Amino acid sequence: MRMTRSAAVLPLAAILLGGWAGCNKTSQHAPDVWAVVNGKEIKRDEVEKYYRTRVNPEGPEPSQEDALSLKLNVLDELINNEILLERAKKLNLEASDGEVEDKFTEMKSPYTEEEFQKQLKQGGISVDDLKRNLRSQLSIQKLLNREVVAKITITDQDVTDFYNANKPQFNVAEATYHLAQIKVTPRKEPQIRNRKNDDATNEAEAQRKIKMLEDRLNSGADFAALAADYSEDMNTASTGGDLGFVPESGLNGPQVDPALKKAVLSLKPGQVSQPIQARDPDGPAYHILKLISREAPGLRGISEPQVQQTIRDTLRNRKEQLLKAAYLAVARDEARTTNYLAQQVVEAAGKLPDAAKSTLPAKVPQAQP
C-alpha cells in the first residue's frame, strides 16, 4: 500500500517582453550577470547552481537547446523570487532567524547526518545556500499569505454552486477505506524517513519493535505520532502513516497480501489492528493498520463534512493560484527587470553555446565487468 512554486511562471514570450521592457542597451554589466532586478544582479553561478539540481547527473546530457531552455526557466524563477522578496522586506515580512532555523530543523529531521550531507552534495549546495533559500521561501510565503491568501473568501453559495455543477464526482461507485499504517521490516532500509531515524535491521529487532508499538498503542499512544516516529515506510511516515483513501477493489490487487485485506474488512472506523505479518513487494514486513473511516458507495450529500471540506479546498486552491498569478504579474510590471540571458538568446537566434554549456560534473566511467 502505498518545492511547489510559490509564484506562477510566466510564458517565455512574457519573459522576453519583460526583459526588453527594462532593457537599456547602453548599460554596462559583467558577462556573468544574467539579469538585474531593481538594481540587484542575478549572476550565472546562481542560475547554474539551481540548474544542476534540476538535472540528473547520472542521466543523459541535455541537448544545448534543452539546457538553455531550463536555464531560462530557472532564471525566471529567480527573477520572480527577487521581486517578491523585495516586497516582503518592504512590508517587514522577512523570515526571522528563528523561523529559518525551525524550518531547517524540520527539513533535516527525517535524515541521518550522513544522509543529509549526501543530499546537499548531490544538489551541489551548502548549508548556507539552503538556509538562504529557506529564508527566501518563508518570506515570500508570508507575503503571499498576507497579500493573497488572507483575501480569499469562499461563501456557502460558492459551495452549493460547485456541488450542483459537479454532482457526478461525489457519487462513489464502491466502498472506500481511509487507512493509516505503521510498518516495520526485518531488514535495513536504504532510506528511513521517521522522526527517530529508527530502523529494525533483523527479525529479532523487528519483533521487539512491533511489540513495543503494540504495547504503546494499547496504552493509549497516538497512532499518527507513533507512525511519524517509528514507521519504516518512507512514503507515509512523514504524514503519520496516512495511506489516503483506498477503494475496495484496491484491496484485491496482487500486491496486497490477503492478510492485510482481511484485517481492513474486519476493522470498524477508529479501530487499530493487531500486528499483521504480511509479504510486501519488497519482502516480509509487519503492519499495524488503523481504519480512520469507511465511506459507503452512493451519492455524498452536500451537508457531509468531507464533501464541504473537499469543495472548499478545491475552490480555495483555484482562487489562490489565480490571485498569485495576478499578483506576480502586477509585481513584475512595477519592477525594473532586465533579463540579459533572454536578450542574448533572441539576438543570437537561439544559439548561445556558452550559456547552454552544461556545468555538470563529468560522468565517471563505469568499470567493465
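Trainee: How many salt bridges does the structure hold?

Mentor: The structure holds 25 salt bridges. Keep in mind that this is a predicted model.

Trainee: Let's start with Glu82. Which residue does Glu82 form a salt bridge with?

Mentor: Lys40, with the closest N and O atoms 3.5 Å apart. Glu82 is in helix α3, residues 64-90, and Lys40 is in strand β2, residues 40-43. The two are 42 residues apart, so this pair links distant parts of the chain.

Trainee: And Glu82 itself, buried or exposed?

Mentor: Glu82 counts as buried, because its relative accessibility is 11%. Lys40 is partly exposed, with a relative accessible area of 42%.

Trainee: OK, Lys209 next. Which residue has its closest N and O atoms 2.7 Å apart with Lys209?

Mentor: That is Asp198, which forms a salt bridge with Lys209. Lys209 lies in helix α8, residues 203-218, while Asp198 is in the loop between β4 and α8, so the bridge ties together parts that are 11 residues apart in sequence.

Trainee: What about the salt bridge at 2.8 Å, which residue does Lys209 form that one with?

Mentor: With Glu232; 2.8 Å is again the distance between the closest N and O atoms. Glu232 sits in the loop between α9 (223-230) and β5 (242-247), so here the pair ties together parts that are 23 residues apart in sequence.

Trainee: Why does Lys209 count as buried?

Mentor: Because its relative accessibility is 6%, and the cut-off for buried is under 20%. Glu232 counts as buried too, at 4%. Asp198 is partly exposed, with a relative accessible area of 26%.

Trainee: Which residues are linked in a network of salt bridges?

Mentor: Arg44, Glu48 and Lys71 are linked that way.

Trainee: Switching to sheets. What is the order of the open sheet of three strands?

Mentor: The order is β2-β1-β9, and the pairing is antiparallel. β2 and β9 stand at the edges with a single partner strand each, so one side of each is left without a neighbour in the sheet. From one strand to the next, the twist averages 20°.

Trainee: How many bridges join β1 to β9?

Mentor: Three bridges join them. Within that pairing, Val36 stands opposite Thr338 in β9.

Trainee: Which strands does α3 lie across?

Mentor: α3 lies across β1, β2 and β9, and runs at about 30° to β1. Helix α12, residues 340-347, also packs on the sheet and touches β1 and β9. The direction of α12 makes about 45° with that of β9.

Trainee: What order do the strands have in the open sheet of four?

Mentor: β5-β4-β7-β6, with antiparallel pairing. The edge strands are β5 and β6, and each pairs on one side only. Neighbouring strands of this sheet are turned by 50° against each other on average, direction ignored.

Trainee: Which residue stands opposite Ala180 in β5?

Mentor: Asp242 does. Five bridges join β4 to β5.

Trainee: Which strands does α9 lie across?

Mentor: α9 lies across β4 and β7, running at about 45° to β4. Helix α10, residues 258-266, lies across β4, β6 and β7, and runs at about 130° to β6.

Trainee: On to aromatics. How many aromatic pairs does the structure hold?

Mentor: The structure holds two. One of them is Phe104 with Phe116: the ring centres are 5.6 Å apart and the planes are at 85°, so the pair is edge-to-face. Phe104 is in helix α4 and Phe116 in helix α5, so the pair ties together parts that are 12 residues apart in sequence.

Trainee: Are Phe104 and Phe116 buried or exposed?

Mentor: Phe104 is buried, and so is Phe116.

Trainee: Which residue lies over the face of Phe104?

Mentor: Lys131, at 4.7 Å from the ring centre. Elsewhere, the charged end of Arg87 sits over the ring of Tyr327, 5.2 Å from its centre.

Trainee: Last one, Ser139. Which helix does Ser139 lie in?

Mentor: Ser139 lies in helix α6, residues 127-147. Ser139 counts as buried because its relative accessibility is 0%. Leaving out residues up to four places away in sequence, Ser139 touches Leu85, Ala88, Leu93, Glu94 and Ala95.

How values were computed: Residues are numbered from 1 along each chain as its sequence is written. This is a predicted model: local features need pLDDT of at least 70, side-chain atom pairs count only at pLDDT 80 or more; totals for chains, interfaces and linings use all residues. Side-chain values use heavy atoms; hydrogens and water are left out. Buried means under 20% relative accessible area, exposed over 50%, partly exposed in between (1.4 Å probe, protein chains only). Contact means heavy atoms within 4.5 Å. A salt bridge is a side-chain nitrogen of Lys or Arg within 4 Å of a carboxyl oxygen of Asp or Glu. Two strands pair if DSSP finds at least two bridges between them. Axes are lines fitted to C-alpha atoms, for helices over the stretch in contact, and angles run from 0 to 180 degrees between N-to-C directions. Rings of Phe, Tyr and Trp (its six-membered ring) pair if their centres lie within 6.5 Å; planes under 30 degrees apart count as stacked, over 60 as edge-to-face and the rest as tilted. A charge sits over a ring if NZ of Lys or CZ of Arg is within 6 Å of the ring centre and within 35 degrees of the ring normal.
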